[in-house]
Amino acid sequence: MPELPEVQTIVNDLNKKVIGEQIVDFWSDWKKNVRPSFSVFKKGISKTKILKARRIGKHIIIDLDNDYSIVIHLKMSGHLLYKKLTADSQQFTAKQRRNFGSAKISSSSPLKLDAMTSPSSSSLRALERSGEAWQSSVIEGYFNERVNQYIRHKFIFSAEGGSASGGKNGATLEFSDLRKFGWLNLVKTEKVQDEKEIKKLGIDALDKNFTLKVFKEILEKKKKGIIGTILLDQELIAGIGNIYRSEILFEARVNPKRKISTLKEKEIEKIFKEIKNVLKKAVKMRGTSDSDYRDTEGKKGGFQNVLNVYGREGKMCKKCLPASEFARGQNWAGKGKIIREKLGQRSIFYCSICQK
Ligand SMILES: [Zn+2]
């Protein structure tokens, strides 16, 4: 599930790519997750321009120039793909789509094909009526990867020159979501903070107002709580999910099952420092793609390559053994092994030797 670094990566991408884009059409084959209703949403965003994108917790907010904002939650498997169509586009037929759908395409060697025209508004409406799932027509780069093919919702931007046809050279922003839990909502910009799911969020983990003092105050109220569970509670601190709670506590050398009341001052300081360090590093590395998450180009993030504990159950701890022994694989029988357990309904990963 995308957490703070993944959502921030997408927001940063959007701010580079979609500012000033005019939305001319919107398509969905999963309308029940478009709020307040598909028709209100579509009408409310029509002919608007995008002012900026921002993040609140794990929500993406896209502010429009009509005093409304699109609120997006990616949930389990959602991600947004920005597709700029090239000038030498040509129509990509259903037959070609089927052929490419079965082709084996490696994500490490992006394929470039000269077949990338967005369908017109009328053909999108025909697709809506038929209920046929929209297959991505842009065959370029990483968009071929299966994980990027589950397009549920699609924004069509104006073609250059202001044509409102959803036309040849207009870009699109597409919401790919295998599991279908992701949703979009249209709300008054001034009311975004009052939205039920946003209102109850705690302070953002990367907010500059989230200081050591504030962290201590939060923990003070939850003395009987377990640190591994507290970090996951979005109503206390927003943005940390399952991947990063494990990584933060590993870096802080604190056992996730520790009760808050047993944490020493130094340990609390270390956890706080690692919340900021780990999240900032993950944003810099464009997030973790352990499964479905991809950036707006359909590319994986980089943080999965440096994970210390998450997803490494049964493997050697990277840090509690001397490098020389680690290299030889010696002396690790029974110690320095990553453990996976359930904590707060979700898996937690830790090293029982170096996390006290
Ligand atoms: Zn260890």
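**Note on the predicted model**

1. Start with the loop at tyrosine 150. Leaving aside residues up to four places away in sequence, tyrosine 150 touches Ser176, Asp177 and Leu178. Contact here means that two C-beta atoms, placed from the backbone, lie within 7 Å. Tyrosine 150 sits in the loop between β8 (140–141) and β9 (151–157). Its C-alpha atom is 9.4 Å from that of glutamate 174, 24 residues apart along the chain. Tyrosine 150 counts as buried because 22 other C-beta atoms lie within 10 Å. The cut-offs are 20 or more other C-beta atoms within 10 Å for buried, 12 or fewer for exposed, and partly exposed in between, with C-beta atoms placed from the backbone.

2. Basis of the model. This is a predicted model: local features need pLDDT of at least 70, side-chain atom pairs count only at pLDDT 80 or more, and totals for chains, interfaces and linings use all residues. Residues are numbered from 1 along each chain as its sequence is written.

3. Overall content. The protein has ten helices and 15 strands. Helices (H or I, at least four residues) and strands (E, at least two) are DSSP runs, numbered from the N terminus. Of the 356 residues, 38% count as buried. Take the contacts between residues at least 6 apart in sequence: 70% of them join residues at least 24 apart.

4. Strand β9 and its partners. Seven of the seven residues of β9 are buried, so the strand is largely enclosed by the rest of the structure. On pairing, the rule is at least two bridges found by DSSP between two strands. β9 pairs with β1 (residues 23–28) in the antiparallel sense, over five bridges. Isoleucine 23 stands opposite phenylalanine 157 of β9. β9 also pairs with β10 (residues 172–177), again antiparallel, and five bridges join them. There, serine 176 of β10 is the bridge partner of isoleucine 151.

5. The five-stranded sheet. What is the strand order of the open sheet? The order is β2-β11-β5-β4-β3, and the pairing is mixed. β2 (34–35) and β3 (50–56) are the edge strands, each pairing on one side only. β2 and β11 (residues 183–188) run parallel and are joined by two bridges. Asparagine 185 in β11 is the bridge partner of arginine 35.

6. α2 (residues 38–45) lies across β2, β4, β5 (68–73) and β11, and runs at about 60° to β11. Axes are lines fitted to C-alpha atoms, for helices over the stretch in contact, and angles run from 0 to 180 degrees between N-to-C directions.

7. Helix α1 against α9. α1 (residues 4–17) and α9 pack at an angle of about 40°, with axes 8 Å apart. That makes α1 oblique to α9. The angle classes are under 35 degrees for roughly parallel, over 145 for roughly antiparallel, 65 to 115 for roughly perpendicular, and oblique for the rest. The crossing of α1 and α9 is right-handed; a crossing is right-handed if the near helix is turned clockwise from the far one by less than a right angle, and left-handed if anticlockwise. Leu4, Pro5, Gln8 and Thr9 of α1 meet Leu279, Ala282 and Val283 of α9. By class, the contact of α1 with α9 has five nonpolar, two polar and no charged residues. Here Ala, Val, Leu, Ile, Met, Phe, Trp, Tyr, Cys and Pro count as nonpolar, Asp, Glu, Lys and Arg as charged, and the others, Gly among them, as polar.

8. Helix α8 against α9. The axes of α8 (residues 242–251) and α9 come within 9 Å and cross at roughly 125°. The two helices are therefore oblique to each other. Their crossing is right-handed. From α8, the contact takes in Tyr244, Glu247, Ile248, Leu249 and Glu251; from α9, Ile271, Glu274, Ile275, Asn277, Val278, Leu279 and Ala282. These divide into eight nonpolar, one polar and three charged residues.

9. Glutamine 304 lies between α9 (265–284) and α10 (323–328). Is glutamine 304 buried or partly exposed? Glutamine 304 counts as partly exposed, because it has 18 C-beta neighbours inside 10 Å. Its C-alpha atom is separated by 9.3 Å from that of alanine 282, 22 residues apart along the chain. Not counting residues up to four places away in sequence, glutamine 304 touches Thr288, Ser289 and Asp290.
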